[in-house]
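Okay, thanks everyone, let me put this one up on the screen. I'll go through the metal site and then what surrounds the ligand.

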Amino acid sequence: MLPRLLNRLPVYAAVLLAMAAVKPPVQGADESRLPILEKLIQDPSPKVRLEALRTLSKIPTARSAELALGSLNLPMDSTLDYALWLTINDLSEVWIDALKSGAWKAEGREKQLEFALRSIKPEQASRVLSQALASNPLTQDGRGPWIELIGTAGTERELRVLFEQILQKGFDDAAAARALKALADAQRLRKAKPSGSTIDLGRLLEGTSDSITIGALQLAAVWKDLGPHFPKLGQIASAPGTSPAVRSAAFQTLRAIGGAGAMETLSKLATESASSLARSQATAALAALDLNRAIDPAIALTKSLIDESEAVNFWRSLLPIKGAGKAIASALNGDPKAKVSAAAGRAGMRVAREGGRSDLELVTALALASGQASDSQRFNAELVNDLTTKANQKGDPSRGEFVYRRQDLACVTCHAIGGAGGKVGPDMTSIGASAPLDYLVESVVLPNVKIKEGFHSIVLTSRSGDEYTGTLAREDTQEVVLRNAAGLEQAVAKSDVASRVNGTLSLMPAGLLEPLNEQEQLDLFAFMSRLGKPGDFDASRGGVARRWHLNVFTHTDKQHGKDNDIWVKPWSDKMWMPIYSLVSGSLTQSLIQEAARRNVWVGTMAISAATELQLATPATVQFKLAGPGTELLIDGKVIGATGASSTALTAGNHRIVVRLDPRQIPAFIRLEASEGSFVLN
Ligand code: HEC
């Protein structure tokens, strides 16, 4: 058993235990050794002191306890600390007796007293404290270490005594503040609270002394129950005469207590309070409890704050709250008419970049909304330069392609690469070869700054009052066809058009990069910058399938006789899940799994990835299929497997299916055809 202990204990303690095992100390008094131990316990070597401590623990006399505690006057380390703790535990009863009889005096030894009280069992500490309180009640000025000791070691009984004395005004202001802090520490550090009801704490909130009010507020923040006194928090927070320190404490307490009552109070103060300082503090506290509810008052404040240092404080209390920066940014972005005061704008842009934070969306939104054109232009240029430099240095285009294809970003729904993808925005096939990186960064981060020719949005209002926004798809004498942000075409008869204006905003939403961390953003930019350049990201070469439709075939489908559906159901049927290959033409395992995510894999019999080849004239087509364990079928017939195969096809469209084993989805599949063209949409 000793070797096992050796692994776990600090070396000194282990040595000591070994020694004890070899020569067990004689139980009972060996007081003759005390004079030697008195010297050893003050020895410069910690090893010697350690040994002395453990020997003292076997000699249960008041003097042993005194000597042991005296070791606190020399430097301690964790091993010594632990040894002293053990020793005092062993000697606890003799020490308590010595304290009671006056043989051990606490005066001048506050540190030792505290150590001893924290070492012994709580009920022993409680005994010591109550005896001390009985013979020496706490004085008006709280002399001695007792207030703090009750805080660190008192049980509910002693804590009650302390609390009562505060309530009965038995302390002067300074001692009362100490006592309130001791009670708060007891709750905070050891979850210890006075016995009985504590809601009378609320009575102390009406005090005339700021230090007591603040102490009571901080205690209320940890006890969290003021009963009928709760409304006083709101009164203190909003009263014109309240000092700044008390006011902040009141808001912190409301925030700490939380719950419906606090939120009600805070949201009232956030909108109705006459002082802007109270409104900002209320808003920040509310944001911590319920971010959504704090957005409106926060936006109102960004308009009204005119003092820059007040604005800085507002942002500093608000932005550390998770999600606050992004939420404010999207509220500002969502309202094109949003105006932010110059002070709030400048302060926010500063705080948003402070202390390792980089709430870039907020900075951008504030720059645009604070109306200081030159400032925001300079800022935008900085932001774009910064991201451009970093993307050049650290961006990884291969990872970036997967970012680009994330469904939540929707890049693919609006943009096409190699013809595959949405048509709402410009085709991206060669964007990296034709546009510099900083242009790409700016287009994505600040889509409204420059809008690409031919992609300006148009806002049409019909006579019945409906509004349509989109880019112009077509127009003739009869009707205007817009393509909206979802890629859908909407035709409006010209006779029905009441007004037609050019939109000032891009159809590409701002803030798209919100869900991404910086590295993901840099990877995305790196990916776009490679598009169209020779290499893995050149989609200009045809002959490879890019647009796929995925189907998961289950036992249930089999039961319902749906074997043939993959050959007859149109691509628009819900059995198909649309999916695009990477620029290289590979349809990777992760893309397949992501597309098929909604389906239960249990009972899956086969996975089919389908695409379509169009031939203008009959031809013999060579296929090249990458991906082990796959099977190639065309128009219902098996044509080949992984590798090369060829078949004669008629002119027209042919449905091609690559069948996968659901238990062994290959790392990627890729299909090339020597003739014809794959249908992209
Ligand atoms: C709702 C549709 C939509 C979404 C989603 C969208 N865009 Fe756009 N994008 C557009 C439109 C429309 C334009 C052209 C207008 C403009 O320049 O702002 C555009 C322009 C761009 C441009 C500038 C192209 C040029 O030739 O000037 C880039 C780069 C770009 N988008 C990248 C992205 C990326 C990356 C994503 C995904 C994070 C994305 N877009 C998501 C619609 C969209």
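So, donors here are N, O and S atoms within 2.8 Å of the metal (3.2 Å for Na, K and Ca), and water is not among the atoms, so sites may look incomplete. Keep in mind that this is a predicted model, where local features need pLDDT of at least 70 and side-chain atom pairs pLDDT 80 or more, while totals for chains, interfaces and linings use all residues. Residues are numbered from 1 along each chain, and side-chain values use heavy atoms, without hydrogens and water.

Which protein atoms hold the iron of the ligand? They are NE2 of His 415 and SD of Met 508, 2.0 Å from the iron. The site is octahedral, with angles of 89 to 179° among its six donor atoms; that label needs opposite donors over 155 degrees apart and all others between 65 and 115.

His 415 sits in the loop between helix 25 (411-414) and strand 1 (416-417), and Met 508 in the loop between strand 7 (497-502) and helix 28 (518-530), so the pair ties together parts 93 residues apart in sequence. Helices (H or I, at least four residues) and strands (E, at least two) are DSSP runs.

Buried or partly exposed? His 415 is buried at 11% relative accessible area, whereas Met 508 is partly exposed at 22%. Buried is under 20%, exposed over 50%, partly exposed in between, with a 1.4 Å probe and protein chains only.

Last, the side chain of Tyr 439 puts an N or O atom 2.4 Å from a ligand oxygen.

Definitions and conventions
Four donors count as tetrahedral if all angles lie between 85 and 135 degrees; four count as square planar and six as octahedral if opposite donors are over 155 degrees apart and all others between 65 and 115; anything else is irregular. A polar contact is a pair of N or O atoms within 3.5 Å; within protein, one must be able to donate a hydrogen and the other to accept it, and residues adjacent in sequence count only if both atoms are side-chain atoms.
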